[in-house]
Amino acid sequence: TYNKLWTTAQKDLDAQLQADREQSLQPEKDLVKVSRMLAAFYIKYVRIFHDLEEAHDQLVHQQKRAVIRPMLDGVMGRILEVKKAMVGLENSEFHYVDNMLEDLKLLPEEIEIPIPRYFIKENLEVLQQREKTLDEILFNAGLETQKPVKAMTLEEAIKVIQVAERARQGRRRALFMKQNYPEKKTKRPTKLQVQTGPNPDDAATCIQKVWRGYIQRKKTEKMREEEMIFLGMVGGGSLPPHLKALHSPSQMHARRENALRGEVCQGPNEEFIKNKLREIEGLDIKETLQNQIGQCFIECRHIIGRFPDYPSEAAGGSMAIFSEKTPEQVAAELAAKREMALQKESQKGKQEEKGKEKEKGKKAQKTGKKEEDEGWKMAPSNFLAMIEEGNSLYKVVWQNRDEGRDFLQDHDLELIKEQKREEVEEEIRVQVDELMQQKLENLKLSVDGEMSSKMKKGKKSEKVRAASLMSLVRRTLDSLCRELVEEGILIKAKRVNLSDYVGEYSYLGTTLRQADVEPMPSLADIRQLVALYGILPLGSQIVHEKAPLVKSLLLAGPAGVGKKMLVHAICTETGASLFNLSASNIAGKYPGKEGLQMMLHMVLKVAKQLQPSVVWIGDTEKTFYKAVPKAEEQMNPKRLEKILPKFLKALKAQDRVLLVGTTSRPFDANIKPFCKVYQKIILIPRPDYASRFGKYFTLWKHAILQQGGEITELLSPSLLAKLSDGFTQGRIVRVVRAVLSELRLLRMARRPLQTAEFVTPLAGQDPVYKEEEETFQ
């Protein structure tokens with residue numbers, strides 16, 4: 001199944017690469033056509049991403065997974081590049097492709113950004129160790145009252161339940177006997193009493209009648225329910241997919257199988273194969289390298305009259321010798337460089353004359369105007385080469401491979417040998433370099449009478465080594481982590497997935513834009529942007545280094561829309577460490593300018609060591625207050641305002657560290673420095689009607705089921721969705737928790753939930769008023 005899925009994904013990817021090549025050949029002048037083309041590219045790459053991620057996670061063959069992995073990273077990066085082009089073209093982070101989905105006969109769920117499962121699976125042991133260390137530090141510091149409870153095994157849990165149940169039955173039996181014994185003593189039957197009662201045949205007939213009626217009613221009820229589910233009117237069709245998976249035993253079994261399938265094949269003993277290669281082919285490789293290097297020495301002695309200097313290990317050793325060019329090639333390169341220098345000098349005057357024209361062109365680009373003869377062209381990609389390389393490798397090795405008899409999906413020995421042969425050659429080359437370097441020194445001493453350069457520079461290298469040793473005397477990572485945890489800056493992220501942020505897709509986006517009305521983003525759009533800008537770059541090192549770099553992200557929206565939940569979801573999906581630099585959290589800690597610099601230096605160092613990392617600033621508008629309120633002057637909320645740009649500047653492309661700010665009052669901040677710090681700003685609106693009551697993602701149903709309630713005929717989620725217009729997700733969850741108390745859950749069987757129970761608590765919550773929503777816009 002997953003081999004076929006991979007094959008399908010490769011065919012689609014090959015066709016998409018061809019479309020990418022054709023587009024890059026000639027610019028396009030029609031911007032409407034460009035917009036549709038980019039949207040089509042985005043949809044196709046996301047669908048390919050779905051298939052590749054599923055195949056990479058579930059394929060048992062380890063070598064196939066190794067081939068898919070670079071293409072998976074490449075497709076992720078390409079999606080981010082296409083998204084950047086769409087944002088630059090439309091000047092908006094939100095894009096609506098519902099008309100294209102209708103043309104392609106696709107569902108909105110099919111263009112949801114999937115979260116690659118290898119983000120967590122490949123680093124599971126490291127993440128578990130970090131969590132264990134964090135728990136120990138919190139417990140030792142007294143910040144946690146109890147150590148985390150170790151999970152029971154199934155057998156231990158069954159024994160505990162059996163003991164408790166037997167004890168309960170014994171107590172009930174003892175109480176029954178205590179009550180029943182005096183009655184038996186007072187009401188002993190006498191011999192004179194005659195036994196009377198109904199006829200046994202009549203009693204049996206009565207029991208059969210009742211039982212058959214009960215069974216038939218249950219069968220009829222089940223048939224009616226199955227019919228309604230088949231028609232999609234009630235039952236399974238109305239539940240969200242993730243809730244159906246939680247409640248269905250078959251789905252739970254399938255999830256367990258999927259989790260185990262990737263661990264079936266642990267791969268061959270590659271170290272054993274490497275040792276065998278070293279034994280069998282090692283001597284031949286060593287002799288070949290020695291002969292080649294010796295021949296280079298002799299040829300160089302004939303050409304320049306002396307033996308060359310042996311390249312250092314930093315320069316590549318003998319590999320640098322083999323990569324050197326012939327004297328004729330070197331002379332040709334020098335002549336070309338001289339010609340280039342002359343051309344540059346002659347072009348300096350022309351460049352000064354063209355300076356004014358360039359400035360005019362830049363101004364035209366800033367205003368969005370382009371000349372008529374120019375057209376739009378896709379920017380160069382950092383990932384197409386990676387994808388094409390993986391695609392060509394698939395065609396050469398795996399496309400026409402007959403695996404009809406390879407039921408176990410075992411490894412290919414020859415592919416492993418090719419890979420390990422390069423490692424063996426590199427190890428032997430290092431040994432040969434040491435041997436041939438000594439041989440070269442002996443030749444110089446005996447033939448030319450030269451002294452080794454190594455002996456001349458011995459004292460200097462010792463000084464450098466001593467200086468480097470002195471520079472390594474610094475604080476350990478454990479001590480820095482302990483201090484940050486005790487100060488409450490390095491905190492434990494809550495376990496919440498991005499899929500738990502439920503919300504429906506916006507089906508009217510294109511229609512509203514055609515009517516010159518900018519639609520409010522839906523919660524599904526928010527999930528997409530958080531996955532694109534937060535999760536994918538943090539999860540993959542290659543994507544973070546080569547994709548458009550996003551160092552900071554701002555989540556802005558009314559109170560209760562799930563901003564903090566999304567921060568914790570980013571950490572959960574990527575296994576990131578979480579640092580809390582909110583103004584209220586760092587108030588009174590590390591006072592003064594030097595203390596602040598030391599704190600940020602510690603956070604930056606630990607975040608880079610424990611990457612991926614998320615630095616979170618809650619209520620970040622306080623850091624950029626226009627005027628600090630008197631009640632908050634002692635807290636000094638503007639401590640980080642001037643130093644945050646320097647903090648972001650210290651983050652490089654290889655550092656998987658993301659600054660995330662959350663705010664419910666962005667209009668209180670000074671806009672210029674505020675927008676200078678946050679590179680991407682995402683507006684999170686209150687949920688629309690589709691999110692409160694939709695086909696798949698339903699806030700009311702999700703909240704009630706998660707709290708332990710049941711959806712009955714007396715409960716109308718559609719009516720609740722109408723009544724809760726203007727209320728945020730947090731307010732809805734708070735209402736559900738207030739209604740579904742422990743006592744109410746115990747009465748659920750006798751008294752089902754009704755709509756009226758939620759109305760009164762809902763009326764006591766604060767909605768998002770129209771004026772506040774307009775201020776956010």
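**Figure 1. Helices H3 and H14 meet in a left-handed crossing.** Welcome to the first close-up of this predicted model. Helix H3 covers residues 62–90 and helix H14 covers residues 384–398. Two packed helices are described by the angle between their axes and the distance between the axes. For H3 and H14, the angle is about 150° and the axes lie 8 Å apart. Angles over 145 degrees count as roughly antiparallel, and H3 and H14 are therefore roughly antiparallel to each other. To find the contact, look on H3 for Gln63, Lys64, Val67, Pro70, Met71, Gly74, Val75 and Arg78. Their partners on H14 are Leu384, Met386, Ile387, Gly390, Asn391, Leu393 and Trp398. Sorted by class, this contact of H3 with H14 holds nine nonpolar, four polar and two charged residues.

**Figure 2. Helices H1 and H2 pack against each other at roughly 150°.** Here we turn to H1, residues 2–25, and H2, residues 31–58. Their axes come within 9 Å. How are H1 and H2 oriented, roughly parallel or roughly antiparallel? The crossing angle of roughly 150° is over the 145-degree cut-off, so H1 and H2 are roughly antiparallel to each other. H1 passes H2 in a left-handed crossing. On the H1 side, the contact residues include Tyr2, Leu5, Trp6, Leu13 and Leu17. On the H2 side, Met37, Phe41, Tyr45, Ile48 and Leu52 are among them. The contact of H1 with H2 counts 13 nonpolar, four polar and five charged residues.

**Figure 3. Helix H28 is largely enclosed by the rest of the structure.** H28 runs over residues 699–706. After H28 comes Gly708, which has a positive phi, near 100°.

**Figure 4. The whole protein chain has 33 helices and six strands.** Let's step back to see where the close-ups belong. The chain has 777 residues, and 38% of them are buried. Among the chain's contacts with a separation of 6 or more, 82% are between residues 24 or more positions apart.

Terms used
Residues numbered from 1 in each chain as written. Predicted model: local features only at pLDDT ≥ 70, side-chain atom pairs only at ≥ 80, totals over all residues. Heavy atoms only, no water. Axes fitted to C-alpha atoms, helices over the stretch in contact; angles between N-to-C directions. Helix = DSSP H or I, 4+ residues; strand = E, 2+ residues; numbered from the N terminus. Parallel < 35°, antiparallel > 145°, perpendicular 65-115°, else oblique. Left-handed = near helix turned anticlockwise from the far one by under 90°. Contact = heavy atoms within 4.5 Å. Nonpolar A, V, L, I, M, F, W, Y, C, P; charged D, E, K, R; others polar. Buried < 20%, exposed > 50% of the residue type's maximum accessible area, 1.4 Å probe, protein only.
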